Structures are given as C-alpha cells and as structure tokens.
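Please examine the sequence and the model shown below. The paragraphs that follow lead through selected features of the fold.

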Amino acid sequence: MKHKMIPLSVPSIKGKELLYLKECIKTEYVSSVGKHVNLFEKKICKFTGSKYAVSCTNGTASLHLGLRIMGVEEDDEIIVPTMTFVATVNAIKYLKANPIFMDCDNYFNIDVNKVVSFIKENTFFKNNYSYNKKTKKRIPVLIVVHVFGNAVNLIPLIEICKKRNIKVIEDAAGALGTFYLVGKLKSMHAGTVGDVGCLSFNGNKIITSGGGGMILTRDKKIAQRALYLSTQASDNSTKYIHNDIGYNYRLTNIQAAVGLAQLEMINIFLRKKNKIYNYYKNELNKIKGVYFNNKPKYAKNNKWMMSIQIDENTISLKKDKFIELLSKQNIETRSIWLPAHQQKSYLNYQAYKIKNADQIYRKTLCIPASSNLTLKQADLVVNAIKKSLD
C-alpha cells in the first residue's frame with residue numbers, strides 16, 4: 001500500500017494564525033493598514049538584527065524596489081548569479097537594465113573568486129563608478145543570492161564593492177534564520193550585510209504569510225524611500241499628490257497576521273529543519289552514487305531546502321528519470337533551477353566563465369524538507385531513493 005504523497009516544501013500552520021486573522025476580520029483592518037503590518041516588520045527587525053524592515057507584496061517586489069532605490073537606470077549592468085530563481089534576474093529587466101551572469105560554487109552560491117576576478121580584470125573605475133570594459137556600461141549593483149538558505153561568503157565581495165562603488169543587494173528570499181558564525185560577520189543575519197536585503201514569505205519558504213516579502217536595511221533613508229515607493233509614492237494622501245512613480249507593493253494586514261504567527265514559531269521550525277538535515281546527511285551519504293549537499297561551515301544555515309546530487313561516474317540514471325521514479329513512489333522532488341544564462345530570455349547576455357552551474361544543474365535535485373516532515377517520512381524518502389537506484 002502506497003503512502004500519501006510527501007511534498008517538497010509546504011508550510012506548517014500550527015501557531016496563532018487563526019487567532020490573528022480573526023482579529024483582522026473583527027477590526028476590519030484587512031488591507032495594507034493595520035497593527036500586524038507594523039508589528040511584523042518590528043519583529044523581523046528584532047529577529048534578524050536589521051535596523052529597518054519594510055514589508056512588500058512579495059520577494060520579487062522587494063528586489064525591484066531595492067534595485068530602483070540603489071539608482072539602477074536603463075542600460076546599466078548588474079552582476080548576478082546564474083544559479084537563482086528567475087525572479088532575481090527579472091527584477092533587473094523591470095528597470096531595463098542588463099544582467100552579467102556569474103558562475104556558482106559548490107553551495108550553489110555565486111562564485112566569489114570569479115566575481116572578484118571579473119571586477120578586477122574586466123571593469124574600470126571612472127567618475128566614481130565601475131564600468132564594464134567590454135560594453136562600457138555602468139555597473140552600479142551586485143546581487144548575491146543565499147541559495148536554499150546557504151550563506152554567501154560576503155567579506156571579499158563587500159571589500160571590493162566598497163572600493164569600486166558597487167552597491168550590494170542580498171537576495172535572502174530563502175535565508176530567514178541564517179546567521180554567520182565567524183569573522184567580521186559573526187552573529188550577523190543573511191540579508192543585513194549589504195546595502196539592501198530581500199526576504200520572501202512565499203508558501204514554500206521557512207515561514208509564510210501566504211505571499212509577501214521584506215526589505216532589510218540599516219539605512220534610514222533607504223527604508224523611507226522603500227516605504228514611499230511601495231505606497232504609490234504618496235506625498236499627500238488627502239489631496240492625492242504623487243511626486244514620483246510608485247507601486248502598490250505594501251503587504252496586507254491579513255498577510256502580516258499570518259507572517260507574525262509564523263515568525264513566533266521560527267525557532268521550532270529551525271530545530272526541526274536541523275533534525276531532518278542531520279538525518280538525511282547520515283543516511284543518504286551511505287548510498288553509493290548519491291551525494292547529500294552539505295552547507296557552508298562559516299554560517300549557521302537555516303537548511304530551508306535540501307538537495308542531492310547524482311554521481312554521474314557511478315550511475316547512469318538521468319536526473320529527470322530519477323524524479324519520475326520518485327514521483328511514482330509518492331515522493332515529490334524537483335530539479336534545481338535551469339541557470340538563468342540558459343533561459344530563452346537571457347541567452348544573449350554576458351556570462352562570465354560559467355562551468356560549475358551547468359554541471360550542478362545536470363545532476364542536482366531537491367528532496368522533501370518541510371518543517372513538519374517526520375523522520376518516518378524522511379526514511380521513506382531515503383528508501384525511495386535507494387529503490388530508484390536498484
């Protein structure tokens with residue numbers, strides 16, 4: 001008899017969500033005004049150590065706002081990892097700017113050494129800005145992505161970007177609960193190191209508000225600008241005066257109520273994720289032909305998404321077939337993202353020495369890691385992987 005489908009990553013709604021939602025409905029504050037929005041922002045600041053937090057409709061909106069606030073203009077070029085969800089790159093195109101794609105390391109994060117090499121060897125500095133030697137276009141921003149909650153080794157990037165006046169935006173969409181452990185960044189939360197950090201509370205993230213995102217910053221002016229632009233750039237709400245082009249990007253009170261209840265549970269979720277991770281690590285590394293992906297040791301990573309790689313030298317099973325075989329056993333898995341430089345819309349943009357990302361895409365798949373996954377279910381996942389390889 002087959003067990004029920006074990007999903008990849010679903011929310012655990014077991015806190016005070018219903019209580020806070022009832023309060024929203026009772027007070028009739030259901031839209032972008034209400035106490036839960038401000039409280040959610042305040043609690044995120046306390047948890048992450050960020051000085052300011054501005055909530056948005058989703059993580060993509062926070063990236064879009066962050067890029068605009070950093071002064072990105074049409075035809076600018078933005079350094080961005082190719083190994084990321086396409087939303088990270090799409091936000092660049094919203095401003096009619098262009099991506100420069102970078103390779104990834106073995107944690108799926110942007111290859112720090114290649115980025116530093118590119119900036120040193122392939123850009124020049126003039127009138128306080130960095131420019132691409134090849135295109136002569138300005139490079140005002142570097143986006144890093146803490147993929148699957150794995151912290152990027154930021155120190156070398158922060159140092160060179162500061163010298164070259166390149167702003168740093170951290171896409172920390174999946175990294176809530178990831179803290180650095182060593183060096184200058186010790187105890188700092190992912191998303192609070194660069195000029196702007198962006199969180200996501202989509203349904204598959206470690207906590208959810210059903211959607212939603214957040215901008216993190218230590219700069220009061222950036223926070224004020226984010227709030228201003230996210231509320232249609234309203235200069236006078238009674239006379240409807242708008243002196244800039246803004247967006248309807250504010251989180252609703254209903255969403256914030258759910259997010260607030262979820263945030264109250266985050267330490268429980270993080271402990272459960274860690275337990276699942278350790279179980280997988282112990283069991284999956286016993287299977288010949290499969291590698292369980294480790295996390296960087298310089299950070300306490302939230303272990304949001306977990307993945308395995310197929311050893312192509314040991315087994316001939318292709319990734320797509322592997323996913324199909326697991327699905328037949330009611331185990332939901334998915335491929336890691338197709339690298340952005342291979343996406344149809346981005347084939348003609350500069351890609352710098354990309355090699356590892358293409359290999360990782362070919363052999364990596366994500367496995368179930370919901371915070372409410374039981375060890376019994378994790379064992380079913382392990383056994384299904386073994387069976388698929390027989």
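**The pocket and the sheet**

Helix 3 contributes the most to the lining of the largest pocket, namely three residues. Helices and strands here are DSSP runs (H or I over at least four residues for helices, E over at least two for strands), numbered from the N terminus. The model is predicted: local features need pLDDT of at least 70 and side-chain atom pairs count only at pLDDT 80 or more, while totals for chains, interfaces and linings use all residues. Residues are numbered from 1 along each chain as its sequence is written, and side-chain values use heavy atoms, with hydrogens and water left out.

The volume of the largest pocket is about 420 Å³. On a 1 Å grid over the protein atoms alone, a pocket is an open set of points with protein on both sides within 12 Å along at least five of seven lines, a cavity is a set where a 1.4 Å probe fits but cannot get out, and lining residues have an atom within 4 Å of a point. Grid points are joined across faces, edges and corners, and the volume is the space filled by probe spheres set on them. Of the 25 lining residues, F85, A87, A173, S200 and K205 are the closest to the centre of the largest pocket. The elements that give two or more residues to this lining are helix 3 (59–69) and helix 4. By class, the lining comprises nine nonpolar, 13 polar and three charged residues, where Ala, Val, Leu, Ile, Met, Phe, Trp, Tyr, Cys and Pro count as nonpolar, Asp, Glu, Lys and Arg as charged, and the others, Gly among them, as polar.

Eight strands form an open sheet with mixed pairing, in the order 1-10-9-7-6-2-3-15. Strand 1 (52–56) and strand 15 stand at the edges with a single partner strand each, so one side of each has no neighbour in the sheet. Two strands pair if DSSP finds at least two bridges between them. Strand 7 and strand 9 are parallel and share three bridges, with I169 opposite V196 in strand 9.

Strand 3 (residues 98–102) is largely enclosed by the rest of the structure, because five of its five residues are buried. Buried denotes under 20% relative accessible area, exposed over 50%, and partly exposed in between (1.4 Å probe, protein chains only). N98, I100 and M102 point one way from strand 3, whereas P99 and F101 point the other way. Strand 2 (residues 77–81) runs parallel to strand 3 and is joined to it by five bridges; I79 has I100 as its bridge partner in strand 3. From strand 2 the chain passes through helix 4 (residues 87–94) to strand 3 in a right-handed β-α-β crossover, a term that applies if, with the strands pointing away from the viewer, the path from the first strand over the helix to the second runs clockwise. Strand 3 is also joined by two bridges to strand 15 (residues 351–352), in parallel, and F101 stands opposite A351 in strand 15.

Two residues call for separate comment. N165, which is not a glycine, has a positive phi of about 50° and lies in the loop between helix 6 (155–163) and strand 7 (167–171); N165 is buried at 19% relative accessible area. S187 has a positive phi near 75° and is found in the loop between strand 8 (179–180) and strand 9 (196–200); S187 is exposed, at 56% relative accessibility.
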